[in-house]
Structure formats: C-alpha cells, structure tokens
Amino acid sequence: MSWVILKEFFDIGRWVVPIPVTLHALRHKRNTAACAGWIGVSWMSPYIGSALYLMFGINRVYRRARKMADQHTWEGRELLVKYRQVIEGNLAPLAKMLGRLTERPLMRGNSVKVFHDGDNTYPIMIEAIQNAQSSVVLCSYIFRDDVVGEDFAEALINAHTRGVEVRVLVDGIGSGYFRCPIQRRLRKKGVPCARFMHSIWPWKMPFINLRNHRKILVVDGRVGFMGGLNIGAENVLSLKTKIPVADTHFLVKGPVVHQLAVAFAWDWSFTTGETLKGTPYLPEPGPVGDIPMRVVTSGPDMDLEKIEYGMLQALTLAKKNIRFMTPYFLPDERFSSVINLAAARGVVIDIVVPQRSNHRIIDYARDASLRPYLDAGCRIWMADPPFNHSKLMVVDDEWSFVGSTNLDVRSLRLNFEVNLEMYDIGLATELSKFIDSHKKNRLTHHDIDRIPFVLQVRNEVFRLFMPYL
C-alpha cells in the first residue's frame, strides 16, 4: 500500500515540481534561450531538472550583491566629486554613458605606466609590496605556488609580519579547486587569504560556473596594478617554461586608485564578510598626472554586462580605427554585429589574436567564427609565439580600454572582470604601436578555405559550445 501511495506522490510531483521553476525562470531569466532551456529541462525531467536549476540556475550572486549594497557604504564620495573630469568631443557620449552605467565618475589627475610580461612587471609589483607602509590588497585569478608565487608570498608574509594590513583573494577555481597551495602557505603565516566563491559542495556554491578573473594589486591605497597578468612562472619568458605566456600590465597612480581599491574591497566583503574601511585601505590619493581614467567592473551581479556595454558604445562612436588584442576571440552575435557594422561604415578594424593559445578547443571554436569578420572587411592577424595574453582595445588613437576581460562570452557575461578606461592620446599611441608590432600574419579567406573539411567540421562542433568555453 505504501508503494502505491509513494508512486502516486511522485506522479503528482511530476506536474507540480516544475511549476515554481517555470515561474522563477520566466521572471528572472533575461536570456530567452536559457529561460526556455531551463523550463524544458524541468518539465522533461522534473526532479533532476528542478534540482539542477535550484543549484545552478538561480543567480544568488545578484541577490547577495544587492544585500551588500544596502549594508555597506564605501568611503571617498568627496574624493570622487573633487576629481571629476568631463570629456568633450566625439567620445563625450561614451564617457557620459559609462558614468551613468557604472555610477563612478571619470577622474582626472592620474598617471599610468605600461609593463610587458612578468619579467618586467613582477619585480616592480614585489618592490611595491616590500615598500608598503599601511596596506596591501591583492586579487588574482591564478596565483601559483611556484618559484614566482613563492617570491610574492614571501613579500606578502614579510609585509604582514611588520604590521601591514594584507588581504589576498584568489579564485576558487583558477588557483586550484580541490587544493590551493598558495592559500595554505599564506594562512600558515597568518596572512588573510580567501578563495572567491569556493565550496566542494554544489548546493553551497552560489554559482559554480562563475569565476573572479580580476587582477588587482593596491598598495597603501595609492599605488595600483591591474591588467591581464596572473601570478605564475609561465609569465616570465626568461624561464622558458613549456607554454610561455606574454602579457601586459599597468601601474596606475592618482585618484583612480581609490576606485580600484573599492573594487577589491567589494569582492573581499562579498567573500569574507569583512568590510575594509579607513585610511589604511581607502586614503585620499592626490593627483600625480593628467590622464582621465575610470574603473569599469562587470560580473553576474549588479555590474552585469557593463564592460561589454562600454565596448559596444565605443565601437558605435568610432570614426577612424579600432584595434583589438585578445587571447581568446569568441564574442556573441550582438558584439559581432556591432564590430561588422563599424567595419561596413569604413572604420579600420584590426583584430590581433594568437596563432595558437593555451586552450586548443577555444582556438578551434574561434577559427570557425572568423569568416564573417573577413566578409565585413575586418583585418585579422595571427600573432607569432609566445602566446600573448594581453587584453587591449584602442579607439581612434584616443581612448584605451584595458584590463582582465577577454573577448568571449564567458568573460563578458559570466566572469567577474575589471577594466580601466583612459582618455589619453599618448597612451593610446603607445598601445597602438604595441598591437601593430604583433600584426605579422594576416588571415585571408584563402587561409580559411584551405582548412581540411574534417577540421572545419571539428571547429564547427566546438563552436556550438562557445558560451561555455
């Protein structure tokens, strides 16, 4: 008798359980394909599908971010007003739009230095940590416990030992999912180190597919580093590792460092619940240059798609030329359309990608997607080794957009990213020359046609998984 009752209970459940999933998806899923997919899965497999939606389909990150916004107020409002910069000319709508979108002002009085590869960048970063007086905050997607990671760890531990407030945040996947040696090393010496959104239990994971891809180092609230450079031996070209990685990183000073520090403080509070306040973390950095800058963050929280919207607006306003340099090039259909429309109206568009990246599957998917750009008139260049991990965008030799964001769906929609926009002709010219120096091998229609049929099919198959790569 009990089996009959149990069977009737499950039969009723097959029609009842998918209803709340359907209602929730209809109300909260902006992407129609994702909405339809989750609803379909929940009705085809009510119990398993609904359980998967409960674990992975609900964006608890956004809900937690809204709660944080109500609980925390970050210092420095007067500073933001004091150094506010207004842009005039063709790019004025871009500056205005990003101001409204990010709720951060464009700030004057900043300086920037460009560094390439870990060979040149790491010594400067470590020296800054060694000279720290009050605070060091560091966020990195990858922080390896190798010869390079050991140097950083030693500098961080020494800073902590002499009384500097040190906080280290690493990604829960990028720096090791099951084991995170660098966290163990730092915590053993008393250095606070947290793993962003990490849990071995799926039901405790806010969203297992989301990653903190930001690279931020702020020392004493006055010196900031950001860009694409992770922490690992592969980034030091002189070490000649198996897969060497070239990259570009930026040293910034001035009022904009406050925005960079707040971006870290938000992630740290989100992860640990600790609010970073006061002079050690958020002092008032004075002007040290004349470059207008603004930090732009994005992620599946309250910053959803903000970096992508900034890029789209810049593409729309471009008059002369656009240069991209990216390790992975898999933008969605919306982004692709705007690029191709810009090319169609006569804007010279150069896209520099590595001939071979460190993820072959992504290369296959990318290669299957390149023909429409050539058809539109874009120029695509395959950079020679070593694999370059730089993420750079320059518009009309006036506006630069740099940081941690790749041109792919994961980076633009799912990852937590940080970019920096800069309105400066000198910097834009410097980055343009760097990008142009990698324009060695131009891709043509003939090159694509020469790919064997079997490989073309393989590439098209991997292209179907573009949103998940």
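Which residue forms a salt bridge with Asp 447, and how far apart are the closest N and O atoms?

**View 1. Salt bridge between Asp 447 and Arg 450.** In this predicted model, local features need pLDDT of at least 70 and side-chain atom pairs count only at pLDDT 80 or more, whereas totals for chains, interfaces and linings use all residues. Residues are numbered from 1 along each chain as its sequence is written, and side-chain values use heavy atoms, with hydrogens and water left out. The partner of Asp 447 is Arg 450, with 2.8 Å between the closest N and O atoms. A salt bridge here is a side-chain nitrogen of Lys or Arg within 4 Å of a carboxyl oxygen of Asp or Glu; by this rule the count comes to 22. Asp 447 is partly exposed at 23% relative accessible area, while Arg 450 is exposed at 56% (buried is under 20%, exposed over 50%, partly exposed in between; 1.4 Å probe, protein chains only).

**View 2. Salt bridge between Arg 371 and Asp 449.** The N to O distance of this pair is 2.6 Å. Arg 371 belongs to helix α15 (residues 371-376) and Asp 449 to helix α18 (residues 445-449), so the contact ties together parts 78 residues apart in sequence. Helices are DSSP runs (H or I, at least four residues), numbered from the N terminus. Arg 371 is partly exposed at 32%, as is Asp 449 at 48%.

**View 3. Salt bridge between Arg 463 and Glu 460.** The closest N and O atoms lie 2.7 Å apart. Both residues are in helix α19 (residues 453-463), three residues and about one helical turn apart. Arg 463 is partly exposed at 34% relative accessible area, and Glu 460 is partly exposed at 33%.

Conventions
Helix = DSSP H or I, 4+ residues; strand = E, 2+ residues; numbered from the N terminus.
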